[in-house]
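Subject: Structure handover

Hi,

Here is the structure I promised to pass on. My notes follow below it, so please have a look at both when you get a moment.

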Amino acid sequence: MTVNPDYLSPCGLYCGVCAIHMAHRSNNEKFKERLANLYKGGVPGKGTLPGSENLTAADIQCDGCHSGCLFMHCRQCDIRNCTREKGISGCHECDEFPCAHIDNFPMTVGKKVILRSVPYRREHGTEKWVAEEEARYHCPECGNKVFRGAARCNRCKAELDLD
């Protein structure tokens with residue numbers, strides 16, 4: 001398995017299954033509009049990204065945390081900045097995990113996944129963590145690849161709880 005280093009997010013939210021990245025890669029405008037609404041707080045109980053009041057579908061673009069094309073939240077992410085300041089590649093290398101940055105993470109699903117993902121990466125290593133994240137996000141009914149946080153498969157409409 002070839003691991004794309006751009007997708008190895010410091011926080012534990014593997015970029016290869018990120019909705020922002022997948023919408024950008026496929027240039028799916030309808031999906032981008034739904035995501036802009038979600039991150040602005042338009043979906044009750046999901047959270048709101050700081051500074052997202054004016055977010056539009058055009059802002060839904062990212063090629064991974066270590067790429068030159070970052071989503072607005074990734075550019076201003078406290079977790080990303082913290083790991084850079086500490087000179088580590090991610091929370092899986094930090095003795096202070098979980099910390100206030102994790103406790104205050106603005107998106108409900110993201111926080112849940114971070115708390116699951118970081119200990120797994122720490123225990124099993126990056127390659128196995130990537131393989132697990134790639135394998136996890138497929139519809140168990142039809143096998144369609146889905147994004148982290150998906151509540152329903154976009155192909156067969158099966159309800160999902162993969163996070």
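**Helix 2 and its two sides**

The buried residues of helix 2 pack against helix 1, where contact means heavy atoms within 4.5 Å. This is a predicted model, in which local features need pLDDT of at least 70 and side-chain atom pairs count only at pLDDT 80 or more, while totals for chains, interfaces and linings use all residues. Residues are numbered from 1 along each chain as its sequence is written, and side-chain values use heavy atoms, with hydrogens and water left out.

Helix 2 spans residues 29-42, and its buried residues are F31, K32, L35, A36, L38 and Y39. These residues cover an arc of only 160° around the axis, which puts them on the same side of helix 2. The arc is taken from the directions from the helix axis to the C-beta atoms. K30 and R34, on the other side of helix 2, are exposed. For the terms: buried is under 20% relative accessible area, exposed is over 50%, and partly exposed is in between (1.4 Å probe, protein chains only). Helices are DSSP runs of H or I with at least four residues, numbered from the N terminus.

**Before helix 1**

N4 lies in the segment before helix 1. With 29% relative accessibility, N4 counts as partly exposed. Its side chain reaches the backbone nitrogen of D6 at 2.9 Å.

**Aromatic pairs**

Searching the whole structure gives four aromatic pairs. Rings of Phe, Tyr and Trp (its six-membered ring) pair if their centres lie within 6.5 Å; planes under 30 degrees apart count as stacked, over 60 as edge-to-face and the rest as tilted. One of the pairs is Y7 with Y14, edge-to-face at 6.1 Å centre to centre and 75° between the planes. Y14 also pairs with W129: the ring centres are 5.7 Å apart and the planes are at 80°, so this pair is edge-to-face. Y14 lies in the segment before helix 1 (19-26) and W129 in helix 7 (residues 126-136), so the pair ties together parts that are 115 residues apart in sequence. Y7 and Y14 are buried, and W129 is buried too. Y7, Y14 and W129 form one aromatic cluster.

On a 1 Å grid over the protein atoms alone, a cavity is a set of points where a 1.4 Å probe fits but cannot get out, and a pocket is an open set with protein on both sides within 12 Å along at least five of seven lines; lining residues have an atom within 4 Å of a point.

The largest pocket holds about 1100 Å³ of space. Its lining has 49 residues, of which A19, L35, Y39, F147 and R148 lie nearest the centre. Helix 2 supplies the largest share of that lining, seven residues.

There is one cavity of 30 Å³ or more. The largest cavity has a volume of about 70 Å³, and the residues lining it include I79, C82, C91, C94 and C99. Helix 4 (residues 78-86) gives the largest share of this lining, four residues.

Best wishes

Methods
A polar contact is a pair of N or O atoms within 3.5 Å; within protein, one must be able to donate a hydrogen and the other to accept it, and residues adjacent in sequence count only if both atoms are side-chain atoms. Grid points are joined across faces, edges and corners, and a volume is the space filled by probe spheres set on the points.
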